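We will go from one stop to the next, selecting as we go.

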Amino acid sequence: MTADAADTRKEALDYYRPWPYDQRPKITWPGGAKIALWVAPNIEVYELNPPANAFRTPWPQPFPAVPGYSIRDYGNRVGHMRQMKVLDKYGIRGSISLSSALIDHHPEIIELCKERYWEFFSHGIYNTRYTYGLDETQERALIQDSIDSITAATGRAPVGYLAPALSHSELTVDLWAEAGGTYTCDLFHDDQPTPVKLRSGKPFVSIPYSLELNDTIAYVVNKIEPRRYGQMIKDAFDRLYAEGDESGTVMCIPTHNYQVSTPHRLKALEEALEYITGHSDVWVTTGREIADYYLENHYDTATASIDAVNAGTDGSVA
Amino acid sequence: MAWTTPSASGPLDYPNRHYGNDHDRYEWSMLTDRAPLTWPGGETLALFVVVPLQFFPLNPTGKPVKVAGNMTMPYPDLRHYTLRDYGNRVGIHRVLKALDASNVTPTFAVNTRLFEREPLLRELIAGRGNEVMGHSWSMDTAHAGGLEESEERELVQRSLSRLRELTGQPVRGWLSPGKLNSPNTPDLIAAEGIEYFCDWVNDELPYRWNTASGELWSMPLATEISDTFTLVDNLHSEESWADQVCDAADLLLAESREQGGRILTLTLTPWLVGQPHRIKHVERVLQHVSSLDGVWSASGSEIFDAAKAQIACA
């Protein structure tokens, strides 16, 4: 390896092709619903003493990083039950983005979610173990470990993936599909499900998982106020619901039990969910059910449409 | 005691993947799995208000780490030095007046060096009879990784012994600057007679720690609703901060009626909310909370004792 190793990074992603929002076949949802709503609680475990990673530093302080670790611990000790109660109230089954080590650390939470027939999808092992720096074999092992853990604990293999701490490799989505997955939450390019092009050619779909409405992005990165967060959720719903007259839409509310469930913020989520579930023609569902339904009913039409709208081009970029 | 949280040998090695937390300093426990608490007089929501009284030296070392709020400009940073000092001269009086108007009990977290330097402020606080908690020596003495154990032991001993001399109080509670800890902080403060500390924001009720010596409990003191986090870190408006506190009070009160005693924790920093344009929002918050039916305003030690007596016997 010379000091000036070749830069092998790709210029662009090739998971999907252009597909204008106004040139797509109509999406229908079960029962004639206009919109599919899913809530994705991230139930995570962060390590107090994670290994160093060359690409990303887990904590800003030397051991023990009390502020970051302790508020995330709060999420599991306190926040989870508070959020679960609100989701129960509105008849919403969570689609859990799970750090699979939580199965070992806090099985009580897993049992509560199982009782409610919530969906479990994989969010890696720990949110302090990044994809960065792993080779293909290692990343495949991480993915398989999470699948095996979730399958053993819940009796059902997960089919969705959100890479741990949103850390990715060029192969993350391919590896997930090859391990048996059917959908990804790691692409933020669209408001509708979209077919994903993979090296295996397997039917596979991207399900919208809104980073903009993700509570940690909203509260920690964008530092918005709780009531504004609630209003953003309602505004997003209003628009997607209206657009659902023409073609079915998907709305995801990704949450974290250490953010939305704090006493000064829960009301914002609760009011937004009350508002949304007060509407007719809302399919309150899970990520897996959306993926299953889309793959069964819309995937083939969608891929044909993508081929058709790109037929006049040779796929090359000027 | 040492932390039992061995280091991983590689990216796919998980040596702490087992039941409970990945260390052994406290027991894993969900809030809703605990026996319900009651507060004196049958109230259900305790109100724990911490007023930090802080000294930010003009010549900070920033070691082992720099705590938020310290000097940022080239020496001498008159701007931040005096703005922090403002809280101890002017802001504190507005905050005390607001607290007293709503009959809310404060607990003061005091940098010992401040009480050495400011006898008039010390006498003002002493005259009120409120509880004083340890808050280390100054805002430039971070208890964080990188601080030698022997140095930290001396720092804890000096901070607490001098504060006890200056106040005549036992000083049972502790708040580390910036809520930072070194690996040794809990053991060292417990060894010096601290019974509860407010650095870990992982719970909403007191819970017991495992320490090398002495009995130590964690007391909740939320960061996410504190004035500095909301107004300084998040740049929310004062009105929004007040709304957030009121929403928190309403939620916790409702929950406490169903699930047993809860604690609304509030940090009121005089150099920040003691400003003339902010104090009315503090007044609104305190009026709202104290007007609720079922609220018990008490000191840290009173809340700690009431909780500990019930939890320890459970």
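**Before you start.** This is a predicted model: local features need pLDDT of at least 70, side-chain atom pairs count only at pLDDT 80 or more, and totals for chains, interfaces and linings use all residues. Residues are numbered from 1 along each chain as its sequence is written, while chains are lettered from A and ligands numbered from 1 in the order in which they are written.

**Stop 1: chain B.** Helices (H or I, at least four residues) and strands (E, at least two) are DSSP runs, numbered from the N terminus. Along its principal axes, the C-alpha trace of chain B spans about 55 × 50 × 40 Å. Of the 314 residues in chain B, 52% are buried. A residue is buried if 20 or more other C-beta atoms, placed from the backbone, lie within 10 Å of its own.

**Stop 2: two helices.** Now select residues 238-259 of chain B, helix α7, and residues 279-291, helix α9. The axes come within 9 Å and cross at roughly 15°. Axes are lines fitted to C-alpha atoms, for helices over the stretch in contact, and angles run from 0 to 180 degrees between N-to-C directions. α7(B) and α9(B) are therefore roughly parallel to each other; angles under 35 degrees count as such. Which residues of α7(B) meet α9(B)? Among them are Trp241(B), Ala242(B) and Val245(B). Residues they meet in α9(B) include His281(B) and Val285(B). Two residues are in contact if their C-beta atoms, placed from the backbone, lie within 7 Å.

**Stop 3: one residue.** Select Pro106(B). This residue lies in strand β2 (residues 106-110) of chain B. Is Pro106(B) buried or exposed? Pro106(B) is buried, with 22 other C-beta atoms within 10 Å. Leaving aside neighbours within four places in sequence, Pro106(B) is in contact with Val49(B), Val51(B), Leu99(B) and Asn130(B). Next, draw a distance line to Gly62(B). The C-alpha atoms of Pro106(B) and Gly62(B) are separated by 29 Å. Along the chain they are 44 residues apart.

**Stop 4: where the chains meet.** Show both chains. The contact takes 38 residues from chain A and 47 residues from chain B. Select α1 (66-89) of chain A, one of the helices on the side that touches chain B. α1(A) gives the largest share of that side, 9 residues.

Notes: A residue is buried if 20 or more other C-beta atoms lie within 10 Å of its own, exposed if 12 or fewer, and partly exposed in between; C-beta atoms are placed from the backbone. Angles under 35 degrees count as roughly parallel, over 145 as roughly antiparallel, 65 to 115 as roughly perpendicular and the rest as oblique.
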